[in-house]
Amino acid sequence: MSTAVYTLESNHIVYSLSPAHPPALAVPDGATVRVETCDCFENQIQREDQDFGTLDWNRINPATGPIYVEGAMPGDLLAVHILDIELAKRGIMTTGPGLGVLGAHLAQNAIRFVEIDHDQVVLPGGVRTALRPMIGVIGVAPASAPVPCGTPGDHGGNMDCTRITTGAVLLLPVSAPGALFALGDLHAAMGDGEVGVSGVEIAGRVTVRLQTVRGADCPAPMVVSARDVSIIASAPTLDEAAEAATTRAATWIAKAGHVSLADACMLLSAAGRLRICQVVDPLKTARMEVDRDLLRQLGIQLPV
Ligand code: CA
Ligand code: ZN
């Protein structure tokens, strides 16, 4: 295992995840990398009264990368250990006509700055809520066609999953040599659903350890946390995403736990947590959370 810490600055960005992108950095398997990120507007918003028309919409959702992990090959999993998330002092929220769940009811675009005050964020109106840093866009190259960073999928991308945070390990399926990992779109806080189209969008720096896993038989993307795992799926509708996350979880539990699909389904029906990640991106994202204690009782081993 490498002990050096690599750094990738936020001028190394991509707007899609693609096997065709040249790596911005190559690191040995097991390397620790500090990845600096712009906010999802590529730091273009400087004033609350700024006109959306002044933004270059081709520069939305940049991800810093891609990082080539030596030895990672198609069929492997990439385990992304999220060691630390450092945030800038101020975040930004936006919403407006045609954006988010309330897009049909909003007359004007709105931009609000959101100050970070120690372990709280100060929302419009002065309401305080807990600082809950998370990573919105995080993924590897898909097998063939590029996927815009704003779109989630089985390669990761814009999953906007609140469980992708410090201390968690995200498992991603490697489809291109070197994995070509990238991340961006940090949030100081985000509600499940991200209903207004933005979290508290913020620039920052994420420290990750990138480790390949061979021969594992588990669904991905999957977040492994101290208490539970979250099996993530994205699809054109929330119903389809929920069905896919549930089906992946049940199929895996049945096979790895040597129980029938019906029994695995009952386990999820009794003790799983089907949750919404986001409903505002080109594909919608859901997750099925399963406590690790339940997996342990069935003798299911996690690869990390
Ligand atoms: Ca996002
Ligand atoms: Zn975001």
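**Entry: Thr 95.** I began with Thr 95, which I found in strand 8 (residues 90–95). I kept in mind that this is a predicted model. Which residues does Thr 95 touch, leaving aside its neighbours within four places in sequence? I noted Phe 52, Leu 106, Gln 108, Asn 109, Ala 110, Gly 196 and Val 197. I then looked at the side chain of Thr 95, which reaches the backbone oxygen of Gly 196 at 2.9 Å. I also checked Thr 95 against Arg 112: the two are 17 residues apart in sequence, and their C-alpha atoms are 9.2 Å apart in space.

**Entry: backbone.** Next I went through the peptide bonds and phi angles. The bond from Gly 65 to Pro 66 is cis, with omega near -5 degrees, and I placed Pro 66 in strand 6. I wrote down another cis peptide bond, joining Ala 220 and Pro 221, with omega about 5 degrees. Pro 221 sits in the loop between strand 19 (204–213) and strand 20 (222–224). Glu 194 also went on my list, as its phi is near 50 degrees, a positive value in a residue other than glycine. I located Glu 194 in the loop between strand 17 and strand 18 (201–202).

Entry: Asp 160 lies in the loop between strand 15 (156–158) and strand 16, and Asp 185 in strand 17 (residues 181–187), so the pair ties together parts that are 25 residues apart in sequence.

**Entry: salt bridges.** I reminded myself that side chains of opposite charge can pair when their charged atoms come close. How many salt bridges does the structure hold? I have 17 in my notes. One that I looked up joins Arg 59 to Glu 42, with the closest N and O atoms 3.2 Å apart. Both Arg 59 and Glu 42 lie in the loop between strand 5 (32–37) and strand 6 (63–69), so this pair ties together parts that are 17 residues apart in sequence.

**Entry: the two domains.** I turned to the division of the chain into domain 1 (5–213) and domain 2 (222–297). The contact takes 24 residues from domain 1 and 20 residues from domain 2. I found their C-alpha centres to lie 23 Å apart. About 1,700 Å² is buried between domain 1 and domain 2, and carbon and sulfur atoms give 54% of that area.

**Entry: across the interface.** I counted four salt bridges between domain 1 and domain 2. I also looked up the salt bridge of Arg 248 with Asp 154, where the closest N and O atoms are 2.9 Å apart. Ten residue pairs are in polar contact across the interface of domain 1 and domain 2. On the side of domain 1 that touches domain 2, strand 14 (152–153) and strand 16 (169–173) are the elements that give two or more residues. Strand 16 gives the largest share, three residues. By class, I noted twelve nonpolar, seven polar and five charged residues on that side of domain 1.

Methods. Residues numbered from 1 in each chain as written. Chains lettered and ligands numbered in written order. Predicted model: local features only at pLDDT ≥ 70, side-chain atom pairs only at ≥ 80, totals over all residues. Heavy atoms only, no water. Domains from an automatic or database assignment. Contact = heavy atoms within 4.5 Å. Buried area = accessible area lost by both parts, 1.4 Å probe. Salt bridge = Lys/Arg side-chain N within 4 Å of Asp/Glu carboxyl O. Polar contact = N/O pair within 3.5 Å; in protein donor to acceptor, adjacent residues only side chain to side chain. Helix = DSSP H or I, 4+ residues; strand = E, 2+ residues; numbered from the N terminus. Nonpolar A, V, L, I, M, F, W, Y, C, P; charged D, E, K, R; others polar.
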